[in-house]
Amino acid sequence: MRRFKSAEVALSLGVLALGLGVAGVTATLPSEGGYAGIGPNFIPAVVGAGIVLLGLWLSFEAFNGGWRGAAPDDASERGEHAFHAPAFGWISAGLFAHMALIGWAGFVIAGIVLFACVARGFGSLRIARDLGFGLVLSLGIYLFFVKLLNVNLPAGWLKPILGTAGI
Amino acid sequence: MEAFEALMAGFAVALKPINLLWGFIGVTLGTFIGVLPGVGPALTVAMLLPLTVKLDPTGALIMFAGIYYGAMFGGSTTTILLNTPGESASIATALEGNRMAKRGRAGPALATAAIGSFVAGTIATVLLTLLAPVVVDLALKFGPAEYFSLMVFAFITVSAVLGSSTVRGLTSLFIGLFFGLIGIDSQTGQPRFAFGVAELLDGVDVVVLAVGLFAVGEALYVAAYQSRLTESIEKLKGSIMMSAEDWKRSWPAWLRATAIGFPFGTIPAGGAEIPTFLSYTVEKKLSRHPEEFGHGAIEGVAGPEAANNASATGVLVPLLTLGIPTSATAAILLGAFQNYGLQPGPQLFQAQSDLVWGLIASLYVGNVILLILNLPLIGIWVKVLQIPKDILYAGILVFATLGAYSLHQSWVDLLTLYVFGLLGFAMRRWDIPVGPAVIGLILGPLAETQFRRALSISQGDATVFFTQPISASFLAVTAALVILPWAVRRWRR
C-alpha cells in the first residue's frame, strides 16, 4: 500500500516552491516607503512567508496520511470516469492554437478552430457540424462586438470579406 | 427618511426607459447563461462583463444587478431539472427539487423557486435599503486601521473558518493575494512580479482569473472526468401552477428562509452555502410531512431557494457600503465597479448617490422582471438545458477567451487564462476552494493600501491596529473564530 499520494505531494511542494519564489523576488524589491517605513516589499514578504508556511503544512498532511477531507482519489467514488487524457489534450491544443492564430488569422478563424477542438475533446466526431457552429458563433460575436460595441477585434485573413471593421 | 428620498431618486434613475432596458437585458442574459449547466453566477457575471465596456456606469451596473439575479435563478432551474448543482448553494435544492421533477412535479418546483426568490429578494432588498444608510454612517467613522482589520476578518472567515479544510482555504486565499501583488504598486509606482511583461504591469484582471478558474478549469475537468458519462434531463410535465396546498406549504418556508439568508449574506460567511443548508434543515424539522423529505418535499425547494436569493442580496450590503466582497461573485462585481474607476464604500454613497441608489432601486425592478419573465419563458430555459455538452463548452470557451483577449488585444492574456485554467483544474480535482483566491485578488491590494495608510498616519507604529477600539474588536473576533473551533475540538477529545 502506498503511504502517500504523489499528486498531493507534488502540489504541496509546488505551493512551497511558489512561496520560495515569491520570497526570492521580494528580496530584490526596494524597501523604502514614506512616513510609515513600509515599502513595496513588505506585503510581498508577508504573502511569500504565508505561502511557504502553507506549503509546509500541506506537505506535512500529504506525507502523513494525505490531505484531510479531500475528494477520494478513485474516480468511481466521485461518480466520475478515469482521467481521459485525449479530452484534456484536445482542449489544451485548441486553446494554444487559438492563442497562435488570433493575432494572425483573426478572431473568427481562431474561434472556429477553438470551437472544433473543444467539441472534439468532449467526444464529438461531427467535425463539419462543429466547424459550422464555430463559424456562426465566432462571426456573430465578431460582428456584435465590432459593429455594435465598437470593440476592436482582429479580422486577420478574413479582412477582404469583413471589410474595414476591426483591425 | 433621508434614505426614502434617496431611494425615490434612485427609482427615478432605475425607471428611465433606457435603464429599464439594460435591466431587462441583464436579467434575460443572466438567466440564459446561468441556466447553462456548469455555469454558476460568478462565471456568468465574469463572462458578461465585456459586454458592458461601452455603457455608462449607471446603465452597466443596473445591467449587472439584473445579470446577478438572473444567474441565481437560472442556476436553480438547472438544478431542479438536471440534478447537477452549478454551485454549492444549489445542493440543498438538488436534494428535493430534482426528486420533485422525477415525480412529474417539475412545474411547481420551478414555480416555488421563482416566486420564493421574488419574495425573498424583495424583502431582502427592503432590508438592504434600511440597513445600508446605517452601515454607511458607521463606516464613515472608519479609518484605514479599521478597514484593514475588517478586511483581515473577511479574509479569515471566507478562507479558514468555512469549507472542508483550513489549510487549503488559506492556500487558495494566499495564491489570490499573490496574484493581487502582480503589477505596479499603487503607492510607489514600483513594478512587482511583472518580469518586464507589459500585460502583467496592469495587474491580473479579475475577469481573466475568474474565467480561467471557472470556465477553462471547469471545461478541462468535465472533459477529463465526466464527458463520457450520460445524464438525464427531467421532462417538464403537467401544470406549472402551484396548488393551494403547495402555496400553504411554501410561504412560511420563504419567510423563514429570508430571515436566515439575509443576515448570513451580510457577514463574510462564504456566500449562500450555509444559509441554504440551514434553511433546508429548519424546514425538515418544522415540516408536518417530514417523511416526504428526500422524496421531493416542496418546502425543501422553497426554503433553500429563498435563502439563496436573500443571502445574494445580503452580500450587497458589505459590498456597497464598505467595498468588501464576501463571495467570488461579489468580488467580480467589485471588479466591474473598479473598471469605471468607482470604489464602493461610504464615500460612493455620498459622491455618487444617484448611481448607488439607482442600483438599489433597480434591484426591486430586477426582482419584478425576473418574476414576470421567467415563469412564462420556462419552456425556453428547458430548451437551453438540452444543448449538448460538446457544443456548450465549445461555446463557453469561445466567449471566455474573448473576455481575456479584449483587455489588451494580446495573446499573453490568453496564456495567462490557460495557466489559470490549469490551476482551476487542479483546485477542482484536489478539493481546493476557488472563491478565496478570487476574493484575495480583488481585496488584497485594497487591504495593502489601507495597511500602509494606517501606518503612515501612525508614523510606523504597528500597535495602531490593536489600540483603536473598533479595529481591535474586529481582530479579536477574527482570532476567536480561528481559535474557538480548534479549542472546542481539543477539549472534546
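Student: Which class does Ala9(B) fall in: buried, exposed or partly exposed?
Tutor: Happy to start there: this is a predicted model, in which local features need pLDDT of at least 70, side-chain atom pairs count only at pLDDT 80 or more, and totals for chains, interfaces and linings use all residues. Residues are numbered from 1 along each chain as its sequence is written, while chains are lettered from A and ligands numbered from 1 in the order in which they are written. A residue is buried if 20 or more other C-beta atoms lie within 10 Å of its own, exposed if 12 or fewer, and partly exposed in between, with C-beta atoms placed from the backbone. Ala9(B) has 15 other C-beta atoms within 10 Å, so its class is partly exposed.

Student: Which residues is Ala9(B) in contact with, leaving aside neighbours within four places in sequence?
Tutor: Ala9(B) sits in helix H1 (residues 2–14) of chain B; helices (H or I, at least four residues) and strands (E, at least two) are DSSP runs, numbered from the N terminus. The C-alpha atoms of Ala9(B) and Asp354(B) are 6.8 Å apart, although 345 residues separate the two along the chain. Two residues are in contact if their C-beta atoms, placed from the backbone, lie within 7 Å. Beyond four places in sequence, the partners of Ala9(B) are Asp354(B) and Trp357(B).

Student: How many residues of helix H17 (residues 353–374) of chain B are buried?
Tutor: This helix of 22 residues reaches 31 Å from its first C-alpha to its last, close to the 32 Å expected at 1.5 Å a residue, where the expected span is 1.5 Å times one less than the number of residues. H17(B) is largely enclosed by the rest of the structure, because its buried residues number 16 of the 22.

Student: Which elements do the buried residues of H3(B) pack against?
Tutor: Helix H3 (residues 41–48) of chain B is mostly covered, with eight of its eight residues buried. Among them are Pro41(B), Leu43(B), Val45(B) and Met47(B). In chain B, these buried residues pack against helix H2 (17–35), helix H4 (57–82), H10, helix H15 (328–339) and H19.

Student: Which residues touch the most other members of the largest nonpolar core?
Tutor: A nonpolar core is a set of buried Ala, Val, Leu, Ile, Met, Phe, Trp, Tyr and Cys residues joined through C-beta atoms within 7 Å. One of the leading members, Val438(B), has contacts that include Gly176(B), Val206(B), Ala328(B) and Ile332(B). Of the 211 residues in the largest core, those touching the most other members are Ala210(B), Val211(B) and Val438(B).

Student: Which helix supplies the largest share of the side of chain B that touches chain A?
Tutor: The contact takes 52 residues from chain B and 61 residues from chain A. Helix H8 (166–181), helix H10 (206–225), H19, H20 and H21 of chain B each supply at least two residues of that side of chain B. The largest share, twelve residues, comes from H19(B).

Student: Which residues of chain B is Leu137(A) in contact with?
Tutor: Leu137(A) belongs to helix H5 (residues 127–148) of chain A. It counts as partly exposed because it has 19 C-beta neighbours inside 10 Å. Leaving aside neighbours within four places in sequence, its contacts are Gly111(A) and Phe115(A) in chain A and, in chain B, Gly395(B) and Val398(B).

Student: What is the phi of Gln409(B)?
Tutor: Gln409(B) is in the loop between helix H19 (389–408) and helix H20 (411–429) of chain B. With 15 C-beta neighbours inside 10 Å, it counts as partly exposed. Although Gln409(B) is not a glycine, its phi is positive, at about 55°.

Student: And where does Asp431(B) lie?
Tutor: Asp431(B) also has a positive phi, near 60°, in a residue other than glycine. It is partly exposed, with 16 other C-beta atoms within 10 Å. Its place is the loop between H20 and helix H21 (435–457) of chain B.
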